[in-house]
Amino acid sequence: PFADQLLRPALGHLGAWIKRTVLGQNPDASEILRGEAIQTVGDFLLDEHAHYLRELAHDRRSSPDLRLRAIAALGDLGHPADRAPLLQLAKSPGPLRDAVISALGRLELRNP
């Protein structure tokens with residue numbers, strides 16, 4: 001109830017800032033702040049920002065840490081449409097594979 005009554009409306013007013021920060025379009029945001037914005041999207045299930053996370057998760061030019069956070073947040077959001085793209089990422093060797101498998105597990109819990 002606390003989140004729905006107080007935090008969600010406040011986060012709604014930060015929508016444009018969250019978008020810019022997640023996408024790296026906020027020149028005042030460090031990589032740490034970008035990571036926190038990404039995690040906020042997942043923690044508070046801010047579905048309206050899911051497509052920014054998808055862009056970031058699949059952007060090979062982005063830092064692995066930010067991609068890992070975006071993948072984790074996608075797992076928290078639990079959109080069934082993210083299964084196939086995440087499965088593709090899981091087939092790739094590298095540091096993202098374990099995060100993708102974990103995200104797929106959380107996605108399955110939300111949408112069996």
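1. Let's start with Val41. In this predicted model, and setting aside neighbours within four places in sequence, Val41 is in contact with Ile18, Val22, Leu46, His49, Leu53 and Leu77. Val41 also belongs to the largest nonpolar core, where Val22, Ile38, Val41, Leu53, Ile71, Leu86 and Val100 touch the most other members.

2. H5 gives the most, with six residues. As general background, nonpolar side chains in soluble globular proteins tend to be buried together.

3. Next, the pairing of H3 with H5. How do these two helices run relative to each other? The axes of H3 (residues 31–43) and H5 (residues 64–77) come within 8 Å and cross at roughly 10 degrees. Angles under 35 degrees count as roughly parallel, and H3 and H5 are therefore roughly parallel to each other.

4. From H3 come Glu31, Arg34, Gly35, Glu36, Ile38, Gln39, Val41, Gly42 and Asp43, and they meet Asp65, Leu66, Arg69, Ala70, Ala73, Asp76 and Leu77 in H5. By type, the residues of this contact divide into six nonpolar, three polar and seven charged. Val41 and Leu77, both named in the first point as partners in contact, are among the residues here.

5. Now for H4, whose buried residues are Ala50, Tyr52, Leu53, Leu56 and Ala57. Why do they sit on the same side of H4? They cover an arc of only 155 degrees around the axis, which puts them on that one side. In general, an α-helix has 3.6 residues a turn, so residues three or four places apart point the same way. The cover over the buried residues of H4 includes H2, H3, H5 and H6.

6. Glu55 also lies in helix H4. Its relative accessibility is 47%, so Glu55 counts as partly exposed. For a sense of distance, Glu55 and Ala10 are 45 residues apart in sequence and 25 Å apart in space, C-alpha to C-alpha.

7. Finally, a loop residue: is Ser62 buried or exposed? Ser62 has its place in the loop between H4 and H5. Buried means under 20% relative accessible area, and at 14% relative accessibility Ser62 therefore counts as buried. Leaving aside neighbours within four places in sequence, Ser62 is in contact with Leu56 and Arg67; Leu56 is one of the buried residues of H4.

Technical notes:
Residues numbered from 1 in each chain as written. Predicted model: local features only at pLDDT ≥ 70, side-chain atom pairs only at ≥ 80, totals over all residues. Heavy atoms only, no water. Axes fitted to C-alpha atoms, helices over the stretch in contact; angles between N-to-C directions. Helix = DSSP H or I, 4+ residues; strand = E, 2+ residues; numbered from the N terminus. Parallel < 35°, antiparallel > 145°, perpendicular 65-115°, else oblique. Contact = heavy atoms within 4.5 Å. Nonpolar A, V, L, I, M, F, W, Y, C, P; charged D, E, K, R; others polar. Core = buried A, V, L, I, M, F, W, Y, C linked by side-chain atoms within 4.5 Å. Buried < 20%, exposed > 50% of the residue type's maximum accessible area, 1.4 Å probe, protein only. Arc of directions from axis to C-beta.
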